[in-house]
Amino acid sequence: MRKLFLAFACLAVNVLMANPVDQLLERIDKGASAKFKTQLVKADRDFFCIQQEGKKVKVSGNTWVNVATGVHWYLKYYAGVHLTWNNMQARLPENLPVVKQPERHETDLKLRYDFNYCTFSYTMAFWDWERWQKEIDWMALHGVNMPLAIVGEECVWHNMLLQLGYSEEEIGKFIAGPAFLAWWEMNNLEGWGGPLPKSWYERQEMLQKKILARMRQWGMTPVLPGYCGMVPHDAKEKLGLNVADAGLWNGFQRPANLLPTDPRFHEIASLYYKHLTKLFGKADYYAIDPFHESNDDSNIDYGAAAIALQKAMKTANPKATWVVQGWTENPRPQMLDALSVGDVLILDLFSECRPMWGAPSIWKREQGYGQHSWLFCMLENFGANVGLHGRMDQLIDNFYSTKTHPLATKLTGIGFTMEGSENNPVMFELMSELPWRNERVDKKEWVANYVRARYGADNEQVQRAWEILTNSIYNCPVGNNQQGPHESIFCGRPTLNNFQASSWSKMRNYYDPEDTRQAAVLMLEGAAQFRGNNNFEYDLVDITRQALADQARIQYHRTIAAYKSFSRKAFDRESRLFLQMLLMQDSLLATREEFRLGRWTTMARNCGTSKQEQDLYEWNARVQITTWGNRFCADQGGLRDYAHKEWQGLLADFYYMRWKTYFDALQQQMDKLSKPDKEMLGTGAMGNKTADELFQMALPQEVKIDYYAIEEPWTLKHNDYSASPEGNPIDRARQAMMLITNK
């Protein structure tokens with residue numbers, strides 16, 4: 001037995017000592033590690049260096065993550081290989097391009113964070129280990145050394161609540177389903193999407209242990225979920241605790257907040273950390289976001305709450321640092337004032353648009369975060385919505401302003417804090433390079449190099465396309481505070497005045513739709529050179545999708561104008577063309593797995609160990625991207641379509657259904673108005689109308705449709721959607737552009 005134990009121990013040590021960069025290179029391209037020499041070198045500053053050593057390319061750095069960052073830099077700018085979400089494998093050249101002179105990059109921004117709580121639900125809710133392994137590879141290549149790691153937090157709570165005397169049924173009513181765990185973890189809701197079966201807890205526990213082992217092999221510092229004071233809303237009755245009722249969040253019952261003055265506060269918090277540590281070990285950083293998106297409560301002493309939460313964290317690990325999101329009211333000044341310098345790290349969550357650290361913005365804090373450390377973060381995406389979007393000039397300006405701003409002296413790193421990932425790789429590539437570029441980035445030059453690296457070759461038309469995009473749709477200006485991309489007209493509930501699809505996007509027009517159309521035309525002009533190039537074909541589909549959506553918005557206005565003009569034949573023609581464009585979008589997106597609904601629903605069903613579980617997970621997947629909540633939360637709460645997607649399958653079966661229903665209703669109204677209302681005339685009811693009432697009746701009328709009633713049935717279905725792509729991306733893109741041109 002002792003020999004067996006020693007053998008396993010030696011195996012574990014060898015795994016930990018193995019060079020993770022070589023393993024990564026083998027996953028990129030079998031045999032690739034033999035073409036590189038990778039080396040750790042001690043240094044006070046984070047660095048990587050690329051140089052030639054004989055026939056091999058030597059990449060050195062002071063951490064394995066920094067070495068991986070150097071490998072990615074070489075692949076992009078020497079070998080013309082760009083690895084990103086849509087393409088994490090590549091065939092490397094037989095003989096790697098020679099590095100003529102050493103290239104070294106350094107940074108003082110030692111902490112490079114990744115993820116938003118929402119990412120774990122909007123993008124990663126149903127990921128398996130294979131997909132997680134690719135993401136950890138992506139993180140290493142992009143310099144991330146401090147990832148949020150909250151997979152399996154529900155396992156901790158499950159075990160904790162059992163010990164506190166909650167039954168399995170009661171726990172099932174508290175912990176949310178897979179697609180909604182993020183908002184449960186942020187103290188926003190209880191139970192929605194559950195109850196979770198036993199197999200889910202077992203799955204997530206094993207998955208998190210694999211994730212943490214791989215992160216630690218890289219030398220990354222995972223940020224584990226700390227205790228934020230959350231308890232079930234019935235904890236006062238069930239456990240006799242002194243709690244503050246957190247009320248509702250967009251119609252959902254929120255968990256309660258355990259008051260720091262409760263004599264059992266430390267007991268409850270210690271119990272949480274006991275179960276967390278037992279399952280996943282200790283952490284040097286804990287994510288704790290109390291009172292998230294909530295109004296101030298006079299019953300809560302926020303300074304005392306901060307002290308109590310910090311004490312519990314420090315009891316679990318005296319060396320730990322509290323990581324908190326800088327978002328709306330948080331972290332409250334009373335809390336920051338109560339915390340010691342060095343014990344808290346703030347994520348300035350939306351630095352490229354609404355920085356709170358002291359730069360000009362609608363969320364500016366006059367004194368920033370005081371003496372507390374913080375990270376400059378890029379949010380970029382909300383709800384994992386599909387759409388080209390970026391704030392290139394703002395991102396560059398805001399980042400480099402930290403170099404000289406007196407309130408930025410405690411900046412210690414950067415972060416990716418997107419609500420959804422796997423989109424707009426150009427923005428994440430730019431953000432990942434900023435810490436390593438001490439000289440201000442020249443946007444035009446950087447984009448040209450990015451395009452060359454992404455496709456492995458140059459092309460005049462394609463370069464012109466990207467120059468148009470980065471000066472228009474990828475350059476959302478200062479003063480525009482919209483949340484994420486310009487939302488597709490296809491994805492909103494139809495009305496006579498459609499603009500944004502979700503309730504809170506704050507959309508404003510800032511680019512000419514002709515720009516995206518022209519960019520798509522130019523991409524097609526260069527397509528012959530890149531047929532079969534994975535990165536190019538992904539981008540071509542995405543850019544054409546954007547152009548088609550933008551032109552469809554114009555077509556929508558033509559359709560509504562025909563209705564308001566009572567031009568019945570024109571309305572019939574224009575509405576049919578709009579619906580044709582919607583179905584063309586569905587056909588275009590069918591060519592890429594990344595834009596297929598079937599990828600999402602298949603991942604969901606694959607998590608289940610029985611048909612009942614598979615159906616539950618698919619329901620979670622369907623609801624999140626459509627109604628989001630029940631009738632009240634979707635309609636009165638405003639959550640419907642927050643996570644809308646331009647995806648094949650969803651367009652044809654869900655969004656088409658809404659628009660066809662709406663246009664049919666408008667057509668029926670015009671048909672009715674074209675005939676005398678004999679019933680009204682016979683009763684003399686028209687003669688009883690006031691002048692104002694008659695005037696209002698003469699105006700084009702909005703039709704009333706119970707959208708939730710036609711949306712919910714789709715969420716309950718289990719018809720199959722394939723994840724496998726169909727058709728050629730270039731050919732379908734050309735068909736889409738012909739439809740736009742000939743409309």
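Biologist: In which loop does Phe291 lie?

Modeller: Phe291 is in the loop between strand 13 and helix 12. Helices (DSSP runs of H or I, at least four residues) and strands (DSSP runs of E, at least two) are numbered from the N terminus. This is a predicted model, in which local features need pLDDT of at least 70 and side-chain atom pairs count only at pLDDT 80 or more, while totals for chains, interfaces and linings use all residues. Residues are numbered from 1 along each chain as its sequence is written, and side-chain values use heavy atoms, with hydrogens and water left out.

Biologist: What is the phi of Phe291?

Modeller: Phe291 is not a glycine, yet its phi is positive, at about 60°.

Biologist: Which residues does a cis peptide bond join, and where is Pro195 found?

Modeller: Gly194 and Pro195 are joined by a cis peptide bond with omega of about 0°. Pro195 belongs to the loop between helix 8 and helix 9. The bond from Asn330 to Pro331 is also cis, with omega near -10°. Pro331 sits in the loop between strand 14 and helix 13 (333-338).

Biologist: In what order do the strands of the open sheet stand?

Modeller: Two strands pair if DSSP finds at least two bridges between them. Here 8 strands form the open sheet, with parallel pairing and the order 6-5-17-16-15-14-13-7. Strand 6 (146-147) and strand 7 (223-225) are the edge strands, each pairing on one side only.

Biologist: How many bridges join strand 16 to strand 17?

Modeller: Strand 16 (residues 373-378) and strand 17 (residues 411-416) run parallel and are joined by 5 bridges. Within this pair, Phe416 in strand 17 stands opposite Met378.

Biologist: Which strands does helix 12 lie across?

Modeller: Helix 12 (residues 302-316) lies across strand 13 (285-287) and strand 14 (321-326). Its direction is at about 135° to strand 14. Such angles run from 0 to 180 degrees between N-to-C directions, and the axes are lines fitted to C-alpha atoms, for helices over the stretch in contact.

Biologist: At what angle do helix 15 and helix 16 pack?

Modeller: Helix 15 (residues 425-433) packs against helix 16 (residues 443-455) at about 115°, and their axes are 11 Å apart. Pro425, Val426, Glu429, Leu430 and Glu433 in helix 15 meet Trp446, Tyr450 and Arg454 in helix 16, contact being heavy atoms within 4.5 Å. By class, this contact has 5 nonpolar, no polar and 3 charged residues. Ala, Val, Leu, Ile, Met, Phe, Trp, Tyr, Cys and Pro count as nonpolar, Asp, Glu, Lys and Arg as charged, and the others, Gly among them, as polar.

Biologist: Is the crossing of helix 18 with helix 19 left-handed or right-handed?

Modeller: Helix 18 passes helix 19 in a left-handed crossing. Helix 18 (residues 513-525) packs with helix 19 at about 145°, with the axes 8 Å apart. Among the residues that meet are Pro513, Arg517 and Met523 in helix 18 and Phe536, Leu540 and Ile554 in helix 19. The contact of helix 18 with helix 19 divides into 10 nonpolar, 4 polar and 4 charged residues.

Biologist: Which residues lie nearest the centre of the largest cavity?

Modeller: Of its 18 lining residues, Phe120, Met124, Ala125, Val151 and Gln204 lie nearest the centre. Helix 9 gives the most to this lining, with 4 residues. The lining of the largest cavity has 12 nonpolar, 3 polar and 3 charged residues.

Biologist: What is the volume of the largest pocket?

Modeller: The largest pocket has a volume of about 1,000 Å³. It is lined by 49 residues, and those closest to its centre are Arg131, Glu422, Glu593, Glu594 and Arg599. Helix 5 (129-141), helix 19 (534-564) and helix 21 (597-606) each give two or more residues to this lining. The pocket lining divides into 19 nonpolar, 14 polar and 16 charged residues.

Note on methods
1 Å grid on protein atoms, 1.4 Å probe; cavity = no way out; pocket = protein on both sides within 12 Å on 5 of 7 lines; lining within 4 Å. Points joined across faces, edges and corners; volume = space filled by probe spheres on them. Left-handed = near helix turned anticlockwise from the far one by under 90°.
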